[in-house]
Amino acid sequence: MTIDAPVRPQAPPATPEAPATSGRPGPFGKAIPRREDLRLAAGDGRYLDDLGHEALAAAFLRSPHAHARIIDIDITDALGVDGLVAIYTYEDLDGRVAEPLPLLIPHPALHAPRTNYPLANGVVNHVGEAVAMVVATDRYIAEDAVERIRVQWEPLPAVVGLPAAFAAEHAVHPDVPDNVAAHMVQSVGEAHAAIDAAPYTMELALHVERSASMPLEGKGVYARWDADDRSLRMYSSTQTSTSVRFAIAAKLGIPVDRVEVVTPDVGGGFGVKIMHPWPEEVLVPWAAIRLGREVKWVEDRREHFISSAHERAQEHTVRVGFDADGRILGLDVRFLHDNGAYTPYGIIVPIISSTQLLGPYKLGSYRVEFHSLYTNTVLVTPYRGAGRAHGCFVMERVMDAIADHRGLDRAVVRERNMIQPDEMPYDQGLIFQDGRPLIYDTGDFPASLHKALALVDWSGFAAVRDAARAEGRSVGIGLATYVEGTGVGPYEGAHVRVETSGDVVVATGLTTQGQGHETVFAQIAAQELGVPIERVTVTTGDTRRFKYGVGTFASRSAVMSGNAVAAAARKVRAKALRLAAAALAADESELELADGEIVVRGFSSSDGLPGPRIALATVAVLANPLRYAFDEEAQRATQFSGQMGATPAGDGPPVAEGEEPGLEATGWYSPIRSTFANGVHACVVETDPETAEIKVLRYCVVHDCGTIINPMIVEGQVHGGVAQGVGGALYERIVYDESGQLVNASFMDFLMPYASEVPRVETDHLTSPSPLNPLGVKGVGEAGIIPGHAVIASAVEDAEGFRIDRMPISPSELWELRRRHAAGEVPSLRRASSLQPGSSLREEPA
């Protein structure tokens, strides 16, 4: 599939609407500690495995082969296990449960989509694919029964790795003989012609290896069926309870209003839990219905490695044309993407890679082409950063290579290629992952760059290098920029209600996995309604409270649900002012909300007494006219109180036309397209001359996420992302052997950084409010991880003096590169590493 750049007019930026009470003191914009942390840190969290202690337990027989045909499944030996309740194989499935799982995100370029069955239907396509489900009185007994099931296999050739998939000597799926699930091209201008005509050209081969997210808590499902009213309640450790609700209703043939999905505390998601429905999310409630018993399954660590989802593996071939000043005239990128054995989440990851690769730069012309390939490995879905890290690595490696080729400072080359702030909004001419134009809304990319250079002391690094060399040490400095598409649609909603106590209750369809939603959404509601934040409670991930939503992913929560909360709160505020105006015999324009009261603005009396006012709690009482009083406060809303009615005289109907009882409202936010945050990372590394170990000495981040709701939470999101970025660049990788066996499926072999390996993060911020939403906010959740590969590769390359083109990089790989460099197999760099002391970043063109 080929997409040529459409011609689109650029609308002038609008002015974001400020929070309703932004002129008054309030919690919006303040660094308030996360309200949920005390409960979680004290061990009072309520996770999936804390539920359903009396439930039956499920366990799964999983394939030991990467590719094999199932000849026979013999359950005879398992039937004698005391405590066994049921064993299910594919032949036991019925109705839509026996069909393949859904393709969540279809795309015209995904011409050969394939999804797995809940239980393998005759063939397995990766190690860990579920073959049989056992239900027993506890997990130990279920696992014992699993071990007694005998399967007769016919092994088939395994396709492992992108080169083998592209060569297509063997096929993962027989009806896809070339292993190509998707092929897509997007282009702006005539890249090939521009490159051919450029004064200088260069080709690069760049690789990012497979990795996987490792939340502390794996997936989990707990289901109970009420046969009397034919309703299902399911608890799932997911990033999208609302979507799971619809998926399960469709698969099990239950009316959606009879399905409730509740997400308790979630011990990390990072993208793997946005995928849904997992086989277990279908099978556990299906078994609960069949058995009439509660059933629970919790993923163990090995299951997470071999049967959840991975990400990252891509191989890029880049051809670039540029002029003497380092300005890019044309860029052509072709890459292979490993989507694993199935494509239930579509091709979102490579689409993001291909579009976010452009970063903050304006290129003369650009063409990108990718093939998404099947392999006999675990399926691929988004992992924090979701394709952005790949694109950033490629673009930033190109920038460093151009700087080296022309003998220019790396920062100079970046700035010369940057989009300028007066060019916003800037249309890159591509289609983004939301199906909308890739148009950057706001940002000052050069200012972000200069802030980062100052923060890391880029111009003073030559002296740092010289001092290190004098001590026999090797240090290097790296730089990477990025643009992060955030706030993707289609929508989110929220409900805000003021209780008769004056407390405010907020509910949204999003789930939370550590983003600080209980704090951020409370700040928005408290600011809009003029109440102390302590009076606001927030519920997420519970379809009993809010039934519609999309999910928590792609740095979208603050943009989507934040604006939905604001919209709902503003409706409540408007109604409260109308009711208060009637009660106080005042004009709405004279009223203001503050400290839980509505007061007449500017009122002064001769005796110094406070002016007319009414508590928000009282307005909530008046908003719900009653026939019966249940407490003293409720008496004010009954028919003989004299306060019922929509007019000061009380001669209107108790509930005015167009109004509803209660001081509550639902708000929705649906964007015309994504917002785009941006930033720059810089780091300093030291490489050990003997062991080739790499240590990050400094790590600096400048980020622009628009209007900041809570600076402390923004900092936390950046720090967490940096930790994962360091892990992805230096430690974390998934390794398969040629037969498709995952050889490092445990924490003994899959390395992650400890706190000792994560550097202190130095941060600074810009604020470029988005004109696309009322709060002016942009996302921040993935900002810390996106440039991790790129910035550390840049720094290691600077320290060693030869090119780094594959990530992650381990000490053994660096040692081997040193050996090859010494043998003349890897050429040296030609550039000066950084500006000399006293020189200017803004060099004149050559």
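Guide: Happy to! Domain bounds here come from an automatic or database domain assignment. By that assignment, the chain splits into domain 1 (48–156 + 219–298), domain 2 (314–488 + 672–835) and domain 3 (489–669). This is a predicted model, in which local features need pLDDT of at least 70 and side-chain atom pairs count only at pLDDT 80 or more, while totals for chains, interfaces and linings use all residues. Residues are numbered from 1 along each chain as its sequence is written, and side-chain values use heavy atoms, leaving out hydrogens and water.

Let's look at where domain 1 meets domain 3. Their C-alpha centres are 42 Å apart. Contact (heavy atoms within 4.5 Å) involves 18 residues from domain 1 and 17 residues from domain 3. Together the two domains bury about 1300 Å², with 48% of it on carbon and sulfur atoms; buried area is the accessible area (1.4 Å probe) that two parts lose on being put together, summed over both. On the domain 1 side, Gln239, Thr242 and Arg245 lose the most area to domain 3, together 37% of what that side buries.

What holds for charges? Zero salt bridges are found across this interface, a salt bridge being a side-chain nitrogen of Lys or Arg within 4 Å of a carboxyl oxygen of Asp or Glu.

Now the secondary structure, where helices (H or I, at least four residues) and strands (E, at least two) are DSSP runs, numbered from the N terminus. Both α5 (241–252) and β12 (259–262) supply at least two residues each to the domain 1 side that touches domain 3. The largest share of that side, five residues, comes from α5.
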